[in-house]
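Subject: Structure for your review

Dear colleague,

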Amino acid sequence: NSTLVVAEHDETKLAPITLNAITAASKLGNEVSVLVTGANATKVAEQVAKVNGVKRVLVAQDEKLKNNLPERVAPVILASQKQFNFTAITAGSSAFGRGVIPRVAAKLDVSSISDVTEVHSADSFTRTLYAGNAVKKVKSTAPIKLLTFRGTSFEPAKEGGSGAVENAPSADIKTDLSEFLGQELSKSERPDLATAKVVVSGGRGLKSGDNFKLIYDLADKLGAGVGASRAAVDAGYVPNDMQVGQTGKIVAPELYIAIGISGAIQHLAGMKDSKVIVAINKDPDAPIFQVADIGLKADLFKAVPELTAALP
Amino acid sequence: MKILVGVKRVVDYAVKIRVKPDRSGVVTEGVQHSMNPFDEIALEEAVKLKEKKLATEVVAFSLGGPKSAEVLRTALAKGADKAVHVQVTDAEAGKLESFHVAKALQKIVEQEKFDAVFLGKQAIDDDSSQTAPILAGLLEWPQALYASKVEDAGAGHMKVTREIDGGLDTIKVKVPFVLSADLRLNEPRYATLPNIMKAKKKPLKNIPIKDLNVDITPQTETLEVTEPPVRQAGGFVDDVSALVAKLKEKGFVKA
């Protein structure tokens, strides 16, 4: 009995969310196998083999799998399933995982469960509803569990494994359905928002995109990732991939600093699982203060530069 | 191109969610409902494609209890030509999984020969975000998820820009295809009063789920639905130096 984790990577490095998914998958109780697909899968597979708890790494290296389009990865997963009869097929709940796992579920005629936040046993899980305003515990009777795991809910698996690397069974990969044309990733030297230990976010209180410099300066002092509220994104201050909230990214860092963010339900849904929340806002009645561990009622244009200067 | 658009009736986004004391679910009786906002975006995109003559017909689909007809009428008022209501009882509706919705969509697609299915990227009630990729798998069609831009790429292909974790990517998909709409794809229009009146005359077909031969046996049983843990506010500090002292105390800043 084995659980499969489908790895996500950028052809050189394993995506951090796969490490979270490996931890979650090991809680299902069976040994963990990881499938790495891609044009440069072998290199990533070597990294995966060293992850604690990984018993077997399946590699499907093929030029056709470059960029891991779901239409092409799904047949590889299905071929692997045919050979190994995994009891569960899982991935991180990222754009990649949420695209490929349900597609495979359809082919296996089972009902998949997305964005699992807790694994209780091999068949019972917790996930959230209504943007985190309700928490649901479910039992799956599906013959194979097809799951995606929320990255922030599970610790990343550590190094220290020595999994065996072998080739995945060959699959018939059709290339006519979809084609990858290109991507524009936000270039940033800062930690990735979804996995950063500290996140500094700005809201509409910043008043302009230029003023986000205050946020960046503070973030750089703290080695933090930078986020934003939907209001700041909608106002055009920053791009959408920085959005924290129900319709953006869900984050749960050790420290979350909300600046000029009032704390709409939609934003709280994306950050309320952070360990420590700091809020800086000039309105003492802003809802963000109801979830903040440390509140500072102040004009951000004065307080933030002062804070940045005060940090070592 | 004939487009089928899935629209779900959900608790309105502005409603404060309350969990039932018996932990069986969320209170939905006597609560304002509306069309899932992401489905509104999917619908708007289909209607826009029709206005640009890239689509010939837009059909709205909903699977749900009797009141799902309301969101279908809204869809008709916002530009859908026809509507299909696949009917279940309210009790059955409460137990539906993305898997079942995708299967019902698949049947309608096969019966009426659609070239594309547009859905919201997720419903704001169950937040599952699964129906589009499941449907694409069932139909063996390409999937363009989290779409923020849709363009004609010629020769039976569409070019779709997608919102992914670190930015955007662009793919080309072969028609027929499944699309899921992200927030930035467009701004949905409001239904005008004349259009609401006209919508009453547009065809709305009712199909009981048993006529589609879709098995809606649950594969996921709800054990309990609870409130999330409540955070306690920690109170205010007086100034920036007090904030820095707190951050030091908690180990985020070196003392």
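Two strands are taken to pair if DSSP finds at least two bridges between them. By that rule, strand β15 (residues 294-297) of chain A pairs with strand β13 (residues 236-237) of chain B in the parallel sense, over 2 bridges. Within this pairing, A:Gly295 stands opposite B:Phe236. Please note that the model is predicted.

The contact between the two chains involves 82 residues of chain A and 73 residues of chain B. The size of an interface is often given as the accessible area lost when the parts come together. Here the area buried between chain A and chain B is about 6,500 Å², and carbon and sulfur atoms give 56% of it.

As to polar interactions, 41 residue pairs, both at pLDDT 80 or more, are in polar contact across the interface of chain A and chain B. The side of chain A that touches chain B comprises 36 nonpolar, 22 polar and 24 charged residues. Salt bridges across this interface number 6. A:Lys107 forms a salt bridge with B:Glu140, with 2.8 Å between the closest N and O atoms.

Within chain A, strand β11 (residues 198-202) and strand β12 pair in the parallel sense over 4 bridges, and A:Ser201 has A:Gly227 of β12 as its bridge partner. From strand β12 (residues 225-228), A:Gly225 and A:Gly227 point one way, whereas A:Val226 and A:Ala228 point the other way; all are buried.

Yours sincerely

How values were computed:
Residues are numbered from 1 along each chain as its sequence is written. Chains are lettered from A and ligands numbered from 1 in the order in which they are written. This is a predicted model: local features need pLDDT of at least 70, side-chain atom pairs count only at pLDDT 80 or more; totals for chains, interfaces and linings use all residues. Side-chain values use heavy atoms; hydrogens and water are left out. Contact means heavy atoms within 4.5 Å. Buried area is the accessible area (1.4 Å probe) that two parts lose on being put together, summed over both. A salt bridge is a side-chain nitrogen of Lys or Arg within 4 Å of a carboxyl oxygen of Asp or Glu. A polar contact is a pair of N or O atoms within 3.5 Å; within protein, one must be able to donate a hydrogen and the other to accept it, and residues adjacent in sequence count only if both atoms are side-chain atoms. Ala, Val, Leu, Ile, Met, Phe, Trp, Tyr, Cys and Pro count as nonpolar, Asp, Glu, Lys and Arg as charged, and the others, Gly among them, as polar. Buried means under 20% relative accessible area, exposed over 50%, partly exposed in between (1.4 Å probe, protein chains only).
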